[in-house]
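Dear colleague,

Please find below the structure that I am handing over to you. My notes on it follow directly after.

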Amino acid sequence: MAKYLLLKHYRGAPAPVNNVPMDQWTPEEISAHVQYMNDFAARLEKSGEFVDGQALAPEGSWVRYDGEGRPPVTDGPFAETKDLIAGWMIIDVDSHERAVELAGELSAAPGKDGKPIHEWLEVRPFLAAKPSTTECTFK
Amino acid sequence: MNEALIRSLTPGVLGVLVRRGADFAAAEDAVQDALIEAVRGWPADPPRDAKGWLTTVAWRKFLDATRADAARRRREDLVEEEPASGPAASVDDTLQLYFLCAHPSLTPSSAVALTLRAVGGLTTRQIAQAYLVPEATMAQRISRAKRTVSGVRFDQPGDVATVLRVLYLVFNEGYSGDVDLAAEAIRLTRQLVTAIDHPEVAGLLALMLLHHARRATRTAPDGSLVPLAEQDRSRWDTKAIAEGVEILQAALARDRLGEFQAQAAIAALHADAPTAEETDWVQIVEWYDELAGLTDSPVVRLNRAVAVGEADGPRAGLAALAELDASSAGSSSGGYPLPRHAAVAAYLHERDGDLATAARLYAEAAHKAANLAERDYLTRQAARLNTGRPH
């Protein structure tokens, strides 16, 4: 029982095998892709492993504190930002192996010519809030 | 009558319905419905015979659901054959439910969820909150689990070891919500102790009680982790410790040692020491040796290295750690480095006076920590050494 983030990048991940941008697919290919993603989420809900899935707009701004009594400083978006996150899915699974298996399935979503994109997804375990109760000598 | 008390009747009532011929999944739903009515109505109007009330209402709910489902004609026949309610073999039923909910065909998370609902009587919402997943996800997990075990015969004997693993998980890995999962695990294990006479069940209960007794002192008010040696021992729950020790001694006297009894013995030696300095580390090492013989778990041998470090000095501890590296390459299943390996190495190096190595290893351990409280604790240790502060 552990939560994992499956992270999808606009930029920053290694190039996928079927590396054709979405705006050069046919409308049917786009529909097939969207359907695959929806079916995948529905399957996870049914298996009791789904926690959350969200997509992000490709552009945002940078914000930081600028001192007492001053408004925050904003900047960007920066076109050169190397790592750009497109969205995520959060799963709750029994093992790391299962998380990898599911990420593999998600990466098989069809792209150009209906062939799998083989997109690289980042799999990141969540940090639990607190340690397990037993099995540790220093607490 | 409080909610926990109402919930304690769950397995008995469910057992009666299943024995009367209700299939497990439908019976479980009916008992849940009856529990909800009980939690709502009993505080104002408690019944004289609580279990009888629940059984009657659950059976009625089951029949209502069955009647509504006209396609399932077979169950209709049960209406005609409704047996007279009477005393049932509740202990056996309870035990069978534990076996069913921990059935080896279930994944660990499914077994945990099903146990908490069908044996513990918790609602799906409560279980979902406890594990920080959406209620719909938990509902699916539970109904899938019920389908998985639907073909299992209710009177088939199970393996108590699988049940213990599930209860251990509940105790160890709860998150939040309005249910105290550690307390719930203790309640369910206590109930199991009355249903089956087995030294490892007693061992697990003792282990839980001994750890639970220290719970209030394991974290500071700001949520940060307080290591065993620095815990305020005057705040340990001496009643829980005494109970744990007594249960453990009775179990050990039967001379059928198992993993949980050995773990409990180690916890008892910690609980027994009036100060950290008075801990009987020599005996603890001996128990770790027993435990290593029973489980062959690298986690056990890692903890053993700490104990060796305390009993025979940090050099001996580091040597024990080196042995572990040689035999398991410092990795556990899944290809991940053994959690806390760097933390243990850091601690032993610090005690050996090699502060630079210790600081580096604490930082590495923080990087590899699997939870926030430990990460922050280990980062503070690294920072303490890097800024030259005394311990």
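In this predicted model, 45% of the 391 residues of chain B count as buried. The secondary structure of chain B consists of 21 helices and 0 strands. If one takes the contacts in chain B between residues at least 6 apart in sequence, 62% of them join residues at least 24 apart. B:Asn2 belongs to the segment before α1 (3-7) of chain B. It counts as exposed, because it has 10 C-beta neighbours inside 10 Å and the cut-off for exposed is 12 or fewer.

Two helix pairs in chain B deserve a description.

On the side of α12(B), the contact includes B:Pro199, B:Ala202, B:Leu205 and B:His212; on the side of α14(B), it includes B:Ala240, B:Glu243, B:Ile247 and B:Ala251. By class, the residues of this contact divide into 12 nonpolar, 3 polar and 1 charged.

The second pair is α17 (298-312) of chain B and helix α19 (residues 341-351) of chain B, whose axes come within 10 Å and cross at roughly 10 degrees. Angles under 35 degrees count as roughly parallel, and α17(B) and α19(B) are therefore roughly parallel to each other. From α17(B), the residues B:Leu302, B:Ala305, B:Val306 and B:Gly309 meet B:His341, B:Val344, B:Tyr347, B:Leu348 and B:Arg351 of α19(B). This contact has 6 nonpolar, 2 polar and 1 charged residues.

Two residues in loops of chain B also call for attention on account of their backbone angles. Most residues other than glycine have a negative phi. B:Leu132, although not a glycine, has a positive phi of about 50 degrees. This leucine lies in the loop between α8 (124-130) and α9 of chain B, and it is partly exposed, with 16 other C-beta atoms within 10 Å. B:Asp296 likewise is a residue other than glycine with a positive phi, near 60 degrees. B:Asp296 is placed in the loop between α16 (281-295) and α17 of chain B, and it is exposed, with 11 other C-beta atoms within 10 Å.

I turn next to the contact between the chains. Here 35 residues of chain B are in contact with 24 residues of chain A. The elements of chain B that give two or more residues to this side are α7 (108-119), α9 (135-148), α10 (160-172), α12, α17 and α21 (372-386). Which of them gives the most? That element is α9(B), with 6 residues. By class, the side of chain B that touches chain A has 18 nonpolar, 10 polar and 7 charged residues.

As to chain A, an unreviewed UniProt entry carries the annotation "domain: YCII-related" for residues 15-106. In the model, this span is 34% helix and 24% strand, and its end C-alpha atoms lie 16 Å apart.

With kind regards

How values were computed. Residues are numbered from 1 along each chain as its sequence is written. Chains are lettered from A and ligands numbered from 1 in the order in which they are written. This is a predicted model: local features need pLDDT of at least 70, side-chain atom pairs count only at pLDDT 80 or more; totals for chains, interfaces and linings use all residues. Two residues are in contact if their C-beta atoms, placed from the backbone, lie within 7 Å. Helices (H or I, at least four residues) and strands (E, at least two) are DSSP runs, numbered from the N terminus. Ala, Val, Leu, Ile, Met, Phe, Trp, Tyr, Cys and Pro count as nonpolar, Asp, Glu, Lys and Arg as charged, and the others, Gly among them, as polar. UniProt positions are given in the numbering used here, feature names are shortened, and annotations may be inferred rather than shown by experiment. A residue is buried if 20 or more other C-beta atoms lie within 10 Å of its own, exposed if 12 or fewer, and partly exposed in between; C-beta atoms are placed from the backbone. Axes are lines fitted to C-alpha atoms, for helices over the stretch in contact, and angles run from 0 to 180 degrees between N-to-C directions. Angles under 35 degrees count as roughly parallel, over 145 as roughly antiparallel, 65 to 115 as roughly perpendicular and the rest as oblique.
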